[in-house]
Protein chains: 2
Amino acid sequence: MSEIKTVRIMEKISGANDVIAAENQERLQQADVGMLNLMSSPGAGKTTLLERTFEQLAGKSIRAAVIEGDVETSHDAERLQRFGIPLVQINAPTCYLSAPMISRALDQLDLAQLDLIFIENIGNLICPAGAKTGEDAKVMLLSATEGHEKPLKYPRMFVECQALIINKIDLIPYTNFDLQQAEANARKINPALKIFRVSSTTGEGIEDWVEYLTTVL
Amino acid sequence: MSEIKTVRIMEKISGANDVIAAENQERLQQADVGMLNLMSSPGAGKTTLLERTFEQLAGKSIRAAVIEGDVETSHDAERLQRFGIPLVQINAPTCYLSAPMISRALDQLDLAQLDLIFIENIGNLICPAGAKTGEDAKVMLLSATEGHEKPLKYPRMFVECQALIINKIDLIPYTNFDLQQAEANARKINPALKIFRVSSTTGEGIEDWVEYLTTVL
């Protein structure tokens with residue numbers, strides 16, 4: 001009984017959520033602002049990727065902001081303060097950022113002064129997958145230390161995303177992670193998935209990722 | 001509005017959940033079976049830890065079973081088949097295993113033939129934290145690659161657990177993970193937390209962990 005009950009609740013939230021997500025998207029389109037929804041397990045490296053990204057964007061004319069989602073703390077937002085970008089922190093006792101939460105965060109931003117918004121979603125491979133926020137694209141980070149079978153175990157996340165960043169590739173030599181197998185597993189779930197191989201530590205692959213950002217603007 | 005709505009839903013599930021959790025606990029106590037609820041982010045190494053654990057238990061007289069929780073696939077359960085132990089797979093479209101799901105899994109086990117049950121919960125640091133299953137202890141795995149600030153970002157998980165396994169310590173030299181800081185952060189949230197430093201790859205710390213298992217029987 002309880003399993004079925006939980007599913008119904010998820011669907012109810014999604015139904016109401018999608019209406020607000022469409023409103024967010026309309027509002028962003030009118031302001032000509034792109035929005036990317038970054039999702040991953042806890043500790044896969046979303047904030048560090050954003051740090052490397054903003055280092056690269058410094059020389060470019062893209063004006064970007066970040067909406068940070070966390071259950072507790074604003075540590076991640078604080079790490080991005082040095083870039084002088086608009087930052088909105090959402091602390092929510094939930095496992096994903098909903099469209100209404102993003103709507104409130106958008107209220108805090110001057111959209112006329114922006115080209116791109118990154119949502120750093122709450123670290124979770126399940127709840128955020130089905131919850132639209134009004135984003136132009138969903139991007140998932142998979143840390144190489146999490147294992148190459150993850151696309152098969154969390155298929156919805158891989159189905160919903162337009163891009164996959166395989167992060168921490170510098171650690172692959174010290175693990176049994178099979179990069180080819182990971183990509184094959186991901187493409188089996190979602191053949192159209194754009195895949196980036198990245199190390200935020202060494203900087204490998206960051207340029208390709210930043211180049212991709214210009215396509216969602 | 002939506003943030004508040006989500007919180008209410010979580011509480012409603014927990015209220016009904018706790019009644020069934022108490023029933024599960026009663027049933028296990030009558031059968032003199034211990035139960036451990038293993039939780040972590042996706043890819044933190046729960047299944048590999050269980051593999052190392054069952055290698056150590058082979059020489060001991062503890063009769064153990066595993067209840068495997070996954071959104072999709074039974075890969076993890078298949079990895080444990082070689083140990084000839086009772087295995088129950090739960091595939092649930094949710095972000096945690098509820099007490100009613102565990103109740104159904106217990107129906108599939110011959111409790112008279114068991115001393116200990118491991119629940120390998122769905123990979124998630126948020127949803128499973130507050131959902132009792134009837135376990136004797138909650139145990140959390142934190143992979144060193146996830147970062148030492150995780151206890152501050154996901155405090156409820158660390159509050160609820162009796163034991164913390166810091167896993168993949170063999171990868172620490174290749175990351176900026178600060179082991180002392182991680183332990184200090186965890187103890188700030190939960191001073192009574194029993195902490196194990198483990199590498200399922202090198203085997204370091206496994207014996208201490210297996211020794212601990214005898215305390216929950």
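Start by selecting B:Asp70, which is buried because its relative accessible area is 4% (buried means under 20%, exposed over 50%, partly exposed in between, with a 1.4 Å probe and protein chains only). This residue sits in strand β2 of chain B; helices (H or I, at least four residues) and strands (E, at least two) are DSSP runs, numbered from the N terminus. Now show what B:Asp70 touches, leaving out residues up to four places away in sequence: A:Lys153, B:Asp76, B:Gln89, B:Ile90, B:Asn91, B:Ala92 and B:Ile122. Contact here means heavy atoms within 4.5 Å. For a distance check, draw a line from B:Asp70 to B:Leu97: they are 27 residues apart in sequence and 8.9 Å apart in space, C-alpha to C-alpha.

Before moving on, some housekeeping. This is a predicted model, in which local features need pLDDT of at least 70 and side-chain atom pairs count only at pLDDT 80 or more, while totals for chains, interfaces and linings use all residues. Residues are numbered from 1 along each chain as its sequence is written, chains are lettered from A and ligands numbered from 1 in the order in which they are written, and side-chain values use heavy atoms, with hydrogens and water left out.

**Zoom out to chain A**

The C-alpha trace spans about 55 × 45 × 35 Å along its principal axes. How does the radius of gyration of chain A sit against that of a compact globule? Chain A has 17 Å, which agrees with the value near 17 Å for a compact globule of 217 residues; the radius is taken over C-alpha atoms, and the globule rule is 2.2 Å times the number of residues to the power 0.38.

Of the 217 residues in chain A, 60% count as buried. Among contacts in chain A between residues at least 6 apart in sequence, 73% join residues at least 24 apart.

Next, select A:Val71, in the loop between β2 and α3 of chain A. Leaving aside neighbours within four places in sequence, A:Val71 is in contact with A:Asn91, A:Ala92, A:Thr94 and A:Ile122, and also with B:Ile126, B:Lys153 and B:Tyr154. A:Gln56 is 15 residues from A:Val71 in sequence, yet 29 Å from it in space, C-alpha to C-alpha.

Stay in this loop, between β2 (64–70) and α3 (75–80), and pick A:Thr73.

**A helix and a loop**

Go to A:Phe158 in helix α6 (residues 155–160) of chain A. At 1% relative accessibility, A:Phe158 counts as buried. Its contacts beyond four places in sequence include A:Met140, A:Pro151, A:Leu164, A:Ile189 and A:Leu193.

Then try A:Asp110, in the loop between α4 (99–107) and β4 (116–120). Is A:Asp110 buried or partly exposed? At 47% relative accessibility, A:Asp110 counts as partly exposed.

**Empty space**

Rolling a probe the size of a water molecule over the atoms shows where empty space is left. On a 1 Å grid over the protein atoms alone, a cavity is a set of points where a 1.4 Å probe fits but cannot get out, and a pocket is an open set with protein on both sides within 12 Å along at least five of seven lines; lining residues have an atom within 4 Å of a point. Grid points are joined across faces, edges and corners, and a volume is the space filled by probe spheres set on the points.

The largest pocket has a volume of about 710 Å³. To find it, select A:Gly45, A:Thr48, A:Arg79, A:Lys168 and B:Asn176, which lie nearest its centre among 41 lining residues. The largest share of that lining, 5 residues, comes from α2(A).

Last stop: the second largest cavity, with about 40 Å³ of space. Its lining includes A:Ser41, A:Pro42, A:Gly43, B:Ser41, B:Pro42 and B:Gly43.
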